Amino acid sequence: MPTAPTALRLLGAASLVGFAALLSACSAAPGADGANENGGALQNSTYEQQYDDWRLKYDACMKQAGIELPKPVDTGEGGQAVTLDAGEIDFDAFQAADEDCRDEVGDPPVDPDAPTMEEMYEQQLVFAKCMREAGYDYPDPEPPSENGMSAAMAMADYDEADLDRCSEAAGFGTGE
C-alpha cells in the first residue's frame, strides 16, 4: 500500500490486483477457522500477531525468490503501508514468486474488522460516481471476483480536493 495520504485514499478507491490485495489480507489463511496447522486451537493470538508472523515468512520467501519487498512503514492511521515503485518491479517475476510463496507459507490471515470485497466494491462505486460528478471520466470498478478487485488510475490526474471529498463520501476518509 502506498504511504502518502493521497495514495492511501486512492488505494481505498482502487484496490490493485496482486500486491495490494495481498497486503490488505483479503483472502483466508490456513487455520482461519481458529485452528493451527496441528489442529489445535490458537492460543493468545491476535490478527496482528498472525499477520506479522505470516509477513515475516512471506517476505523471506519472496527474498529467496529474488523479490526484495520494502519494510512496512506506519501510516499514522493505526496501520502500516508498503510502497512499491512500479518502474522497478518485474510484475511477471513478482507474480510467479507470489504464487510460489503462497503455496509455501499460505495466504495472509483475514482481518476480522476488514470490509468484505462486496463492501469495498460498494464504496468504490460511490467514489467513482462522485468523481464523475466532479467532472472526471472515472469508470465504475469491476465487480469483485476470485482474483480480487482492480482499477487503475494515475494520482497526478486528480485534484486533491476532489479526492478528499469523494474519499470521504465513499467512507475511505481523507487521509489527513
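Y138 and Y158 are both buried in this predicted model. The two residues form an edge-to-face aromatic pair, with ring centres 5.9 Å apart and 70 degrees between the planes. The pair links distant parts of the chain: Y138 and Y158 each lie in the loop between α5 (117-133) and α6 (160-170), 20 residues apart. Across the whole structure, a search finds 7 aromatic pairs. Y138 and Y158 also belong to one aromatic cluster, together with F127, Y136 and F172.

In soluble globular proteins, nonpolar side chains tend to be buried together. Here the largest nonpolar core has 13 residues, and those with the most contacts inside it are W54, Y58, M62, I67, L69, F94 and C101. Both α3 (47-64) and α4 (91-105) supply at least two residues of this core; the largest share, 6 residues, comes from α3. Another core, of 10 residues, lies apart from it and includes A128, Y136, Y138 and A170.

The helix α3 can be followed in more detail. Its 18 residues should span 26 Å at 1.5 Å a residue, and the end C-alpha atoms are 26 Å apart, which agrees. Buried in α3 are Y47, Y51, W54, R55, Y58, C61 and M62. These residues lie on the same side of α3, because they cover an arc of only 135 degrees around the axis. On the other side of α3, the exposed residues are L56, K57, K63 and Q64. After α3 comes G66, which has a positive phi, near 95 degrees.

Note on methods
Residues are numbered from 1 along each chain as its sequence is written. This is a predicted model: local features need pLDDT of at least 70, side-chain atom pairs count only at pLDDT 80 or more; totals for chains, interfaces and linings use all residues. Side-chain values use heavy atoms; hydrogens and water are left out. A nonpolar core is a set of buried Ala, Val, Leu, Ile, Met, Phe, Trp, Tyr and Cys residues joined through side-chain atoms within 4.5 Å. Buried means under 20% relative accessible area, exposed over 50%, partly exposed in between (1.4 Å probe, protein chains only). Helices (H or I, at least four residues) and strands (E, at least two) are DSSP runs, numbered from the N terminus. The expected span of a helix is 1.5 Å times one less than its number of residues. The arc is that of the directions from the helix axis to the C-beta atoms. Rings of Phe, Tyr and Trp (its six-membered ring) pair if their centres lie within 6.5 Å; planes under 30 degrees apart count as stacked, over 60 as edge-to-face and the rest as tilted.
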